[in-house]
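Please examine the sequence and the three-dimensional structure shown below. The paragraphs that follow lead through the chain as a whole, then through selected residues and surface patches.

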Amino acid sequence: MPRPEMRLSDAERNRVVERLNQAVGEGRLTLAEFEDRIGGVLAARTHADLVPFTADLPVTVEPQVLQLRSRASSLKRAGRWVVPRQVEVEARSSSLRLDLTEAVIASPTVQVSLNVRSSAVTLVLPDGASASLHEVEMSSSSAKARVPDSGGLHIVVRGKLQSSSLKVRYQRRFLRWRW
């Protein structure tokens, strides 16, 4: 829990705006209340300034670990999905594609732990994100990162690849198509 006098980051403000947006969707706030609170949240400078805007809303608990398991299958995550601080991937003879471009990401750093054999893993990052693959142990495998080592959101990839491939890249675009 951050100290009340700590200054807010843009990502923290965006999370509170998302929480207020969700409260409107659930019928907990009217549109007029939502508009008033958004103005206050965007003007807030510290965590203490946010308390009046979220005090009467239920606390949302975000998962800390997401476990993905795949055996001789194809697993894809895309669109709006919640990405916790740690993602554990276990795959055998599978194809995995984790698209983070529209995902709701809980923290500025996400750790992806791999235990992959005879599989292909692709991580698609949002613009401005970075990744490091320095802690990946490989055996008869390949790992390619077409993103920088530092930037906004940071993905740390760890674990083991055995007879597998790992690609970390940004979303590809051509005219109106995205993949």
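**A guided reading of the chain**

Lys144 lies in strand E10, which covers residues 142-145. The model in which this residue is seen is a predicted one.

The protein chain contains three helices and 14 strands. Its C-alpha trace spans about 55 × 35 × 30 Å along the principal axes. Of the 179 residues in the chain, 37% count as buried. The protein chain exposes about 10,700 Å², and carbon and sulfur atoms supply 50% of that area. Contacts can also be sorted by separation in sequence. Among those between residues at least 6 apart, 55% join residues at least 24 apart.

The charges of the chain may be considered next. Lys144 belongs to a patch of positive charge on the surface, where it gathers with Arg146, Lys167 and Arg172. Is Lys144 itself buried, partly exposed or exposed? Its relative accessible area is 46%, and Lys144 is therefore classed as partly exposed, since this class lies between the limits of 20% and 50%.

With a relative accessible area of 42%, Trp177 is partly exposed.

Why is Leu8 counted as buried? The reason is that its relative accessible area is 10%, and a residue is called buried when the value is under 20%.

Which residues does Leu8 contact, if its neighbours within four places in sequence are left aside? They are Arg13, Ala44, Arg45, Thr46, His47 and Leu50. Leu8 can also be compared in position with Ser150. These two residues are 142 residues apart in sequence, and their C-alpha atoms are 21 Å apart in space.

Lys144 and Trp177 are each partly exposed, whereas Leu8 is buried.

Note on methods. Residues numbered from 1 in each chain as written. Predicted model: local features only at pLDDT ≥ 70, side-chain atom pairs only at ≥ 80, totals over all residues. Heavy atoms only, no water. Patch = residues over 30% accessible without salt bridge, like charges linked within 9 Å, V, L, I, M, F, W, Y side chains within 5 Å. Areas by Shrake-Rupley, 256 points an atom, 1.4 Å probe, with all protein chains shown as cover. Salt bridge = Lys/Arg side-chain N within 4 Å of Asp/Glu carboxyl O. Lys, Arg positive; Asp, Glu negative; His and termini not counted. Charge placed at Lys NZ, Arg CZ, Asp CG, Glu CD. Helix = DSSP H or I, 4+ residues; strand = E, 2+ residues; numbered from the N terminus. Buried < 20%, exposed > 50% of the residue type's maximum accessible area, 1.4 Å probe, protein only. Contact = heavy atoms within 4.5 Å.
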